[in-house]
Amino acid sequence: MSIRTSLSIAVASAFVGASLLSGTLTTPIANADDPLGPIIAAITTYRAKTQCPRLTYNPVLEDAAQRYARSENPQDGQPRNYDGGWAAYLGTGDPQDSALLSAYGGGARDAIINCGYREFGVGFIRHDDRSVDVVTIVFGTPTSPVVTPKIPDPAPAPQPVPPTQCPVGSPTPTVPAGQTCAPEPPPKDKVTVSFDKGFQWTVNVTSTADIAGKCTYAATNPVLPGSNKNFNIAPRGSASFTVLAPPPFSTYHVVVSCSGTFNGENVEFGHVEQDVSA
């Protein structure tokens with residue numbers, strides 16, 4: 001047994017003694033140094049999901065559970081001087097959660113949802129030599145009526161806050177409440193270029209960007225004269241213009257670039273490069 005487990009059992013035993021002297025049956029308040037706290041909280045939460053009345057924590061049942069945990073002998077799970085029916089369950093595992101689930105699988109789950117049980121106590125011990133935890137739960141049904149102290153209803157759970165709707169164009173349609181929507185990214189690759197070929201060629205430039213822009217057209221050949229043109233294009237607009245056709249069997253390298261203002265900054269929203277042959 002570890003020093004921490006011994007200390008926790010001593011604290012739990014002191015609580016039992018104080019409760020017996022005061023004659024009250026209350027649910028202990030869990031703290032970080034109390035290994036019983038998580039077990040009690042789990043059972044209380046599970047019971048709250050049923051239609052049964054709240055379980056009352058009983059120090060006499062805890063004493064039996066602690067003895068049962070230490071010995072793992074079912075006879076030690078029998079409460080002493082308890083006026084009523086009882087049932088004891090034991091589970092082992094590592095860590096404590098696994099031991100609690102083991103006790104659930106051994107019958108404790110059915111006991112929790114059995115409205116006939118009105119009281120319970122728990123036990124716990126850590127065997128460091130075996131690297132295993134032992135969890136025990138003893139349920140009781142007192143013969144004489146027990147006056148259950150009135151426990152205030154828990155505060156209502158806070159209502160979930162709906163996510164924030166992001167503006168059109170944001171990378172995500174929503175973000176969790178309190179977070180900031182990502183800004184809309186600048187337009188990119190929004191321009192296409194096509195040619196109507198003949199004695200003269202017609203250049204057709206189409207934009208799907210939501211902003212207006214200024215564009216340049218440049219056609220170059222290493223040995224032949226080139227062609228350059230500046231033109232404007234409207235938001236989601238198009239522009240067409242004629243250029244001299246390349247000489248037969250020649251190829252021009254054509255570059256079309258369009259830029260415009262997006263959120264106060266100048267961005268290139270279209271850049272097309274292609275080789276065009278006569």
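This is a predicted model: local features need pLDDT of at least 70, side-chain atom pairs count only at pLDDT 80 or more; totals for chains, interfaces and linings use all residues.
The lining has 16 residues in total. To find the middle, pick Pro-225, Ser-227, Leu-244, Ala-245 and Tyr-252, which lie nearest the pocket's centre. Next, show strand 9 (213-220), strand 11 (238-244) and strand 12 (251-262), the elements that each give two or more residues to this lining. The pocket's volume is about 230 Å³.

Now move to the second largest pocket, with about 180 Å³ of space. Its lining includes Glu-184, Lys-190, Asp-210 and Arg-236, along with Pro-185, Pro-186 and Pro-187. Phe-262 and Gly-169 are also among the lining residues.

For the next stop, switch to a cartoon view and select the open sheet of 4 strands, ordered 1-3-4-2 with mixed pairing. Look at its edges: strand 1 (56-57) and strand 2 (84-93) each have a single partner strand, so one side of each has no neighbour in the sheet. Zoom in on strand 1 and strand 3 (residues 119-127), which pair in the parallel sense over 2 bridges. There you can pick out Thr-56, standing opposite Glu-119 in strand 3.

Helix 2 (residues 36-48) lies across strand 1, strand 3 and strand 4 (132-142), and runs at about 140° to strand 3. Then select helix 4 (residues 96-112): this helix lies across strand 2, strand 3 and strand 4, at about 150° to strand 2.

Conventions: Residues are numbered from 1 along each chain as its sequence is written. Side-chain values use heavy atoms; hydrogens and water are left out. On a 1 Å grid over the protein atoms alone, a cavity is a set of points where a 1.4 Å probe fits but cannot get out, and a pocket is an open set with protein on both sides within 12 Å along at least five of seven lines; lining residues have an atom within 4 Å of a point. Grid points are joined across faces, edges and corners, and a volume is the space filled by probe spheres set on the points. Two strands pair if DSSP finds at least two bridges between them. Contact means heavy atoms within 4.5 Å. Axes are lines fitted to C-alpha atoms, for helices over the stretch in contact, and angles run from 0 to 180 degrees between N-to-C directions.
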